[in-house]
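Here are some friendly notes to read alongside the model.

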Amino acid sequence: MTAPAHSDVTPHSPAQLVRLVAGREVSTRIRDKGFLIGSAVLIVLIVGLLVFQVAINSGSETTRIAVVGGSEAVTGALETQAEALDVDVQVTEYDDEGAARTAVEDGDVDGALLDPAGARPELLVENDGGQVETLVQGAVQGLSISQQLADAGVQLTSPPEVEVVALDADADADVEAAVVALVGVVVLYSLLILFGQFVAQGVVEEKSSRVVELLLATMRPWQLLAGKILGLGLLGLGQMVVIAVVGVAGALAFDVVELPGRLIGTVVTVVAWFVLGYAFYASVFAAAASLVSRQEDLGSVITPASIVLVVGFVVSVQAAQDPTGSLATVTSFVPGLSPLVMPVRQAAGGAAWWEVAVAVVLMLVAIAAIVRIGGRVYAGALLRTGGKVKFREALSAER
Amino acid sequence: MLEFDGLYKAYGSNQVLEGVGFGVAAGQMFGFCGSNGAGKTTTMRIAMGLARADAGEVRWAGRPVDEAVRRRIGYMPEERGLYPKMKVGEQLTYFARLHGMDAAPAARAAGAWAERLGLGERRDDRVEKLSLGNQQRVQLAAALVSEPDVLILDEPFSGLDPVGVDSLADALLEQCRRGVPVVFSSHQLDLVERLCDAVGILARGRIVASGSVAELRTSAAGRQLRVVAPDAAPGWAAAVPGVRVVSEQRGDAVLELAPGTDDQQVLAAALATGRVTHFAWREPTLVELFRDAVTDTREVAA
């Protein structure tokens with residue numbers, strides 16, 4: 001037997017085949033216009049959300065006051081008063097009343113304080129004093145009182161500082177973390193849908209173009225399935241991480257969160273749950289998609305799994321408002337729903353470590369089962385083209 | 001030697017293969033014929049591991065064909081299959097790599113095969129943009145790109161124009177010269193007759209005839225003798241013992257001889273009538289052999 005010799009050819013291990021398939025998935029998808037546009041939109045959304053936050057914060061909380069004939073003491077009094085009222089204040093000196101008046105009329109400042117140290121200080125506002133009035137009133141009174149006391153020769157000792165004991169120091173941070181987790185879950189949900197679709201479309205594409213027969217002549221169905229899921233999964237994870245980094249970096253740069261440590265912890269949790277959620281849904285979507293041979297029929301088979309995803313999303317939004325409620329508690333253990341609900345509960349501080357552990361274990365068990373059953377369905381249905389294969393048939397199919 | 005040995009396969013109650021067996025030697029071109037639904041595709045899919053035989057096995061070099069061997073087989077499925085949105089060159093590289101080649105040699109081989117099959121300028125085009133004929137070439141290139149040890153091609157000639165047929169035939173003959181056994185199925189029997197060293201005819205799940213075309217001819221039952229004796233009176237041949245007249249028209253007679261009948265006796269009888277302008281055994285074409293082989297089993301089966 002004279003079989004030609006091949007110096008270029010080395011037999012592949014299963015891992016190499018899986019890597020080849022994964023590599024093809026990544027390199028075709030990364031050049032796909034739909035994918036690129038989708039990714040860009042998600043990142044723009046996250047950045048937009050941050051900018052929106054910053055705009056709201058800056059617009060409402062800084063009070064700008066023009067002062068005519070002020071002094072350091074006046075500015076100091078205004079700032080002390082602002083701190084007591086928990087607002088930011090920006091004091092600007094103006095030379096004369098006319099300039100200050102114009103500044104108020106133009107909306108450059110919220111109010112103009114004339115002759116603050118005199119007998120008849122005056123506050124110019126556009127129409128309504130509001131917060132500026134309270135602030136200025138307090139500052140001028142304080143100034144006046146200390147002036148009068150000093151004139152009367154009273155020596156002031158510093159008043160005692162009140163010690164503040166917080167009973168639930170994290171309450172605000174919990175809310176903030178829950179909001180971050182919710183934003184994270186929105187991204188997670190979008191990416192699960194997006195990449196679940198990619199997996200499903202890829203499976204159907206191979207089936208409808210019949211290329212699957214050529215592929216299966218060189219590898220086993222599970223290798224093809226694993227390569228596809230891993231390749232797209234890495235891409236999805238990469239995108240998740242990019243969004244997370246952009247989001248966290250942006251949040252820190254714009255200073256929109258109070259506890260950066262909590263923020264990062266929450267984001268890491270969401271990314272970890274993405275991995276589990278993706279493994280689950282990608283397997284389900286792949287097995288479902290293998291039952292049909294045309295893209296047009298895809299909707300009918302992946303709808304049930306999509307509905308579970310939507311339900312998980314709706315519950316997680318509800319959980320963000322009521323993280324200790326029984327709906328959130330129960331669903332955070334249900335495989336398939338847990339990746340969307342548990343991160344919100346965790347972030348809100350409503351989940352004990354053992355609860356998270358149980359949810360993760362349940363999810364892993366479910367993934368193992370799905371991969372086994374889904375893999376069989378996939379292998380059984382892959383070579384049956386034309387029409388829709390019934391789930392039972394695919395499961396019991398002998399090649 | 002590529003051996004198909006006693007393959008049985010049933011889908012439900014439909015028994016498709018009932019002991020299909022034949023061998024293809026290195027460097028041999030084997031034409032696989034049979035009516036629609038005879039089981040050609042199933043046989044090839046069993047060899048490629050795409051269907052599991054109920055009994056029997058396929059061997060290459062004495063070893064049952066397993067995954068490692070299959071990666072050394074170039075395969076062209078009946079239902080053509082390529083990634084529609086992948087570029088020609090990338091696609092060929094990918095298939096070469098799936099068959100075990102490293103990245104750089106795979107890319108080189110892809111480029112070389114694209115060039116050889118006249119796809120050089122289309123290397124960066126998506127497959128879906130090519131004409132059907134060109135897609136067919138890509139399909140063939142995908143089967144050949146890894147320099148396989150064995151070729152199994154299901155209906156490789158269908159849908160090709162005469163020029164395409166010739167270039168595919170050349171490519172296959174070249175593979176044979178390399179020592180590669182080539183099995184292909186086809187309905188174009190003239191092509192099979194022209195190209196193949198050996199032919200197997202599949203009918204009702206069995207190989208009903210196999211061997212070289214010449215062997216099939218000699219073993220064929222009901223060979224016919226054509227005698228043209230222009231001056232002969234009608235019925236002259238029927239008078240010769242052991243002769244059955246198939247047709248007779250103005251001295252042009254087609255005869256079938258019973259076993260043991262001497263054709264020289266027939267010639268003598270013909271000469272006795274006057275001039276004989278034609279006396280020859282008719283060489284049955286493969287089409288006729290095929291028809292006979294297929295009908296025979298139908299009758300047996302019925």
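1. A word on confidence to begin with: pLDDT is the predictor's confidence in each residue, on a scale from 0 to 100. This is a predicted model, so please keep that scale in mind for what follows. Over residues 1–5 of chain A, pLDDT stays under 50, and for this stretch the model has 11 contacts beyond four places in sequence.

2. The chain averages a pLDDT of 83, and 91% of its residues score at least 70. Among the elements of chain A, α1(A) has the highest mean pLDDT, at 91, while helix α14 (residues 391–396) of chain A has the lowest, at 76.

3. How is chain A divided into domains? Domain 1 takes in 15–55 + 171–397, and domain 2 covers 63–151. Between the C-alpha centres of domain 1 of chain A and domain 2 of chain A there are 55 Å.

4. Turning to chain B, you will find 10 helices and 14 strands. Its C-alpha atoms fill a box of roughly 75 × 45 × 30 Å along the principal axes. Chain B has 302 residues, of which 44% count as buried. Of the contacts in chain B with a separation of 6 or more, 68% are between residues 24 or more positions apart.

5. Which residues have the most contacts inside the largest nonpolar core? They are Ala286(A), Ala289(A) and Ala141(B), in a core of 171 residues. Helix α6 (residues 171–208) of chain A gives the most to this core, with 18 residues. Leaving aside residues up to four places away in sequence, Ala286(A) touches Val199(A), Ala200(A), Val203(A), Leu225(A), Lys228(A), Ile229(A), Gly374(A) and Tyr378(A). Another core, of 22 residues, lies apart from the largest one; Val68(A), Leu78(A), Val89(A) and Val104(A) are among its members. As general background, nonpolar side chains tend to be buried together in soluble globular proteins.

6. Last, the interface. Here 26 residues of chain A are in contact with 33 residues of chain B. On the side of chain A that touches chain B, the elements giving two or more residues are α1 (14–29) and α7 (211–216) of chain A. Of these, α7(A) gives the most, with 5 residues. By type, the residues on this side of chain A divide into 13 nonpolar, 7 polar and 6 charged.

Terms used: Residues numbered from 1 in each chain as written. Chains lettered and ligands numbered in written order. Predicted model: local features only at pLDDT ≥ 70, side-chain atom pairs only at ≥ 80, totals over all residues. Domains from an automatic or database assignment. Helix = DSSP H or I, 4+ residues; strand = E, 2+ residues; numbered from the N terminus. Buried ≥ 20, exposed ≤ 12 C-beta atoms within 10 Å, placed from the backbone. Contact = placed C-beta atoms within 7 Å. Core = buried A, V, L, I, M, F, W, Y, C linked by C-beta atoms within 7 Å. Nonpolar A, V, L, I, M, F, W, Y, C, P; charged D, E, K, R; others polar.
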